[in-house]
Amino acid sequence: NPQAPRPLVEDPSLEGKETPGLQTWLPGHSEDHRVTIGRGQKVLLRASATVHSLEIQSGGKLVIADTHRPILLRTRHILIGAGGEVHVGSPDCPYRGNLTISLYGRSDDPDTEHSYFGQKYIGVGTGGTLEIHGAPKLSWTFLNRTYVFERSWGYRGIIAHVLNPRTGEVLRDDRFDTYRSQNESVRLADFLDAVDPGLVLVMVVNDEASNNLEDTARNSLSQLGSRHIRTLGFRFWHCLAAALSAVSTVTQVCDSKKAPLISVYCPVWNGAYISIDSQSNSSIVELAEPPQGWGPGDRIVVASTDYSMHQAEEFTLLPCPGCSATQIRVAGTAQFLHVGELVDGVDMRAEVGLLTRNILLRGEMQEKCYGHHACKFFSFDTFGGHLKRGFKAAHVSGVELHHMGQQSMGHYPIHFHMNGDVDEKGGYHPPTSIQNVSIHHSFSRCVTIHGSNGLLVKDVVGYDILGHCYFTEDGPEERNTFDHCLGLVVRAGTLLPSDRDGKMCRDITSDAYPGYVANPRQDCSATSTFWIANPNNNLVNCSAAGSEETGFWFIFHHVPTGPSEGMYTPGHTEHTPMGLFINNRAHSNNRAGMILDNGVKTTKANNKDKKPYLSLVASRYGPHQDADPFKPRVPARIHRFIAYKNMDQGAWLRGGDVWLDECQFADNAISLTLASGGTFPDDDGSHQQVVNSVFVGESDNRGTFQPGQVWGPGGIDLKGRSLPRAVNFPTRGMQVYDGPVRVHNCTFRKFSALEGRHTSAIGFRLNNSWQTCPNNNVSQLTFDQVPVTALSAVLWEVGPFFSLMQRDGDKTALLHDTDGSLSQYPGAYLVKEDNWLLRHPDCIDVPEWRGAICSGNYAQVYIQIRNPASPVMQIVRDEYPDRPLTLEGAVAKKKHYQQFQPVVTLYKGYTVHWDQAAPAEVTIWIINFNKDDWINVGLCYPRGTTFTILSDLHDRATKVTRKTATYAPTNNRDKLQHPHPNRSYYYWEQQTGSGPTLHYYAHIYSGGFSFCSLKGCERVKITAVIPNTAPQQLHVPGLPTARGAPPWWRCPCPANCPTTTWYGNTHADYCYSVSGEYL
């Protein structure tokens, strides 16, 4: 049975007569009564009261008596000044009675609002003390058994149990739908005839059982002692308990037709009783742990386990004397499926959160919205109460907050504002904490932490919230811990651009430059359950179970703003190591389970940057020791994270060293995307990785059909199921973007492509303009129920979501299969089928992937151009002059420069053409080269062009550039590969315009995952002076590879790995070799 509250005992220390100086206070009821508790006044409130306001000044103290009678205290506000104290219970003696503090008032009331706290508040001033401790109760847990949606006839008919009278054990049970079928009557009669002597039969009619209840079954029940079964009519309720003797005669009968919602107690054997509850519209729910402190009348919420957060459901607990220690009975039945088990290896158990507490802080609300800008977006009153602190000591536990928060800045259910260090570091013993609190139907966030460090937020439930729920405000907040916190049904609010949905983003223009038209997806639309503005905070055992946008969002403020201005140096948070992130989960979010990306705009809107203040902007994360980018890197570790049923991304993580371990992903449109810094990783040498993790494409959690959702065939069995985004959206498990990325020892399960909907266990980001690093590696992969078409299919699939797939990143993508566990060919690369910069005749075509498996040595060149920046570049490998690769550039066309980022085969020659006038400035960076790697590149310029060419070494971290050589022209190709110190050569055929051709040679080791060498990026800068009479376009034959190429330039067919286990076809049929050998 759920644990009952302990008997209520009034603490004699709170009696006015027995505690010197603590006087009983009975203020009565008057909304005009302004109460001040001054120095030396220590009072005990023992009965309900209504006052205008309550101020506890220095030396004053208010204690709420723990009585058997409920206490309701109504007031417009409570102000606890410096040295003032309010106590409700204590950590050692929690409050056991029922207390409600109700904050009343309208936003347009004539009362003067407080300059700091505003209106309708509990305010703790600097030096004030607030201690509230309600009865301990389990905050939230998980379902331990799937709670299945049952229509009203789900348990219709006659339900029968056969019991052992000595032990109470249920030996047999069944349900007979005698409303629907006459055959059910026959089955019921057979069941009754088979009851052995000496047992107890218990029978209940639920909902309706008379329609097809035949005489055979009625006679059997009559013989067992039922007086009412023959006259059973439509939706008559009836129960029977019959004890059979050793010779099958009925020795004890309990026969009742009492109305529903009555419990019938039947004596059946030697003083034993059976309780038959007639609550037909109720359900038994199995929990993962005993629900300590829960009782009849309490309200709970069960989270969605589908894509829509709106499938969360509230229930009221009912008495359940027959429940086990981990069971509860709730009124009503579920409308939706709520999973309570691991599905395909992923923990999808629904969270069950307690909403009711014995101490309630609430805002009194009007029936509808009035006189406020929020009424444009909400039909209901959003002017709730709020609690704000600047305290000496504050500890809140065992409290329910209902209708708290306001759609105005700084007024939240719980708000820690500029409190500095609130743990031992700040001299707080014990550290400040919020524990065992439920916050629901809130109008502005759950818990806000601003300029405060070291706060413990534990065992908190936040449900049905406007705006970010658990909110760290603008960057200085560090060392705070969110432990076992649950947030679900988090909706958009109006306060910040990141809170707003699309309509709010377009309609609220106060912080934007006049005339600016917002782009909601880029500027706003980031409502999150956990909004973390500094990575040095701890999130452990938390659940983000449904938000309008994202579950966990790590965001970066380049500089702090508002009251926090100047609290850290620019860029501090972008380099701060991440705190603990362990055992967290995110599901049912409309956008992503987790995002680590973006910053907020910390400057006001102006003519040059018209975006709203605090709207989303780009940012990059690279964690280093002491937040110093010149000190060693410190990986951000994401351990045992679960993401399922998120509408778009399970997780989108952009940064330097971001490492995931033992994670689980399932049923997301795209389970995981690891992104680096785009053109260059901002933290060169770092990499991202996911290891020891599970990816499930379409699990056995099929969801619940409801009108308006995306529903269609899917999964291995092609049954109907809920789907993300659209029926034909190409779902992916691990999405490879730029890199470098490492995927190791991961399992991919149940990815299956359908006609018209492509699926890939591992695939590339589609419609991608950016580079793909040749150091993206996979190893020790396992595939379970994944056919060959879904292993890495849809690499380059044209479809309705991704246009023609002709962007630069689509054309240049590749992936390194280091051990053959993906392709069966150790050391091979997956490349696009028509990219002849990378492939060669011995590559293995894989039509299902629209790609090829190749062996080779690959690196990148970045070609930056200026004056003009508009040309389209065509690069051709000199061995295949009729198979060029056309690139349009990765940078927006409005920029003053353009950059092309092809991946190339090392030890080869290439020629670059332009579709219009050749650029006057070209910089070529060699990327992912190691010492002694080289290529030749020729650029097409018209006759008469003169060049200034030099090489340098550029350190991107320090911004220091060191010149290394100048280039002189030569008509002797051999000189290209034999430069002198500080002097190199370029080949230039003046008559044809072929050239300049340069030999790009890496002089310094790069090592690890670095894009550039340990001393900086090696590059060549070309400045061309082009005659005015030169043609706008020039195409010349490719330049041959320089003589003396090493013998490994020819790339043979990759070697097959016969030991690899696959769940589908192999690629052996596609491999051929000109030489007839596998090497």
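Mentor: Happy to! Strand S30 (residues 393–402) and S32 run parallel, joined by seven bridges. Two strands count as paired if DSSP finds at least two bridges between them, and strands are DSSP runs of E with at least two residues, numbered from the N terminus. Do keep in mind that this is a predicted model: local features need pLDDT of at least 70 and side-chain atom pairs count only at pLDDT 80 or more, while totals for chains, interfaces and linings use all residues. Residues are numbered from 1 along each chain as its sequence is written, and side-chain values use heavy atoms, with hydrogens and water left out.

Trainee: Which residue in S32 is the bridge partner of His395?
Mentor: That is Ser433.

Trainee: And how many bridges join S32 to strand S34?
Mentor: Eight, and S32 and S34 (residues 456–466) run parallel. As one example, Val437 stands opposite Val460 in S34.

Trainee: Is S32 mostly covered or mostly open?
Mentor: Mostly covered: eight of the 10 residues in S32 (433–442) are buried. Buried means under 20% relative accessible area, using a 1.4 Å probe and protein chains only.

Trainee: New topic! Which residues touch the most other members in the largest nonpolar core?
Mentor: Phe641 and Phe748, out of 105 residues in that core. S30 gives the largest share of this core, four residues. Apart from it lies another core of 46 residues, including Leu814 and Phe947. A nonpolar core here is a set of buried Ala, Val, Leu, Ile, Met, Phe, Trp, Tyr and Cys residues joined through side-chain atoms within 4.5 Å.

Trainee: Now Asp817. Where does that residue sit?
Mentor: Asp817 is in strand S62 (residues 814–817). Asp817 is buried yet has no salt bridge, and the nearest side chain of opposite charge, Arg742, is 12 Å away. A salt bridge needs a side-chain nitrogen of Lys or Arg within 4 Å of a carboxyl oxygen of Asp or Glu.

Trainee: Which backbone nitrogens does the Asp817 side chain reach?
Mentor: One belongs to Gly820, at 3.0 Å, and another to Ser823, at 2.6 Å.

Trainee: Last one: is Ser676 buried or exposed?
Mentor: Buried, because the relative accessible area of Ser676 is 4%. Ser676 is found in the loop between strand S51 (670–675) and strand S52 (688–691).

Trainee: What lies 2.8 Å from a polar atom of the Ser676 side chain?
Mentor: The backbone oxygen of Gly739.

How values were computed: Buried < 20%, exposed > 50% of the residue type's maximum accessible area, 1.4 Å probe, protein only. Lys, Arg positive; Asp, Glu negative; His and termini not counted. Polar contact = N/O pair within 3.5 Å; in protein donor to acceptor, adjacent residues only side chain to side chain.
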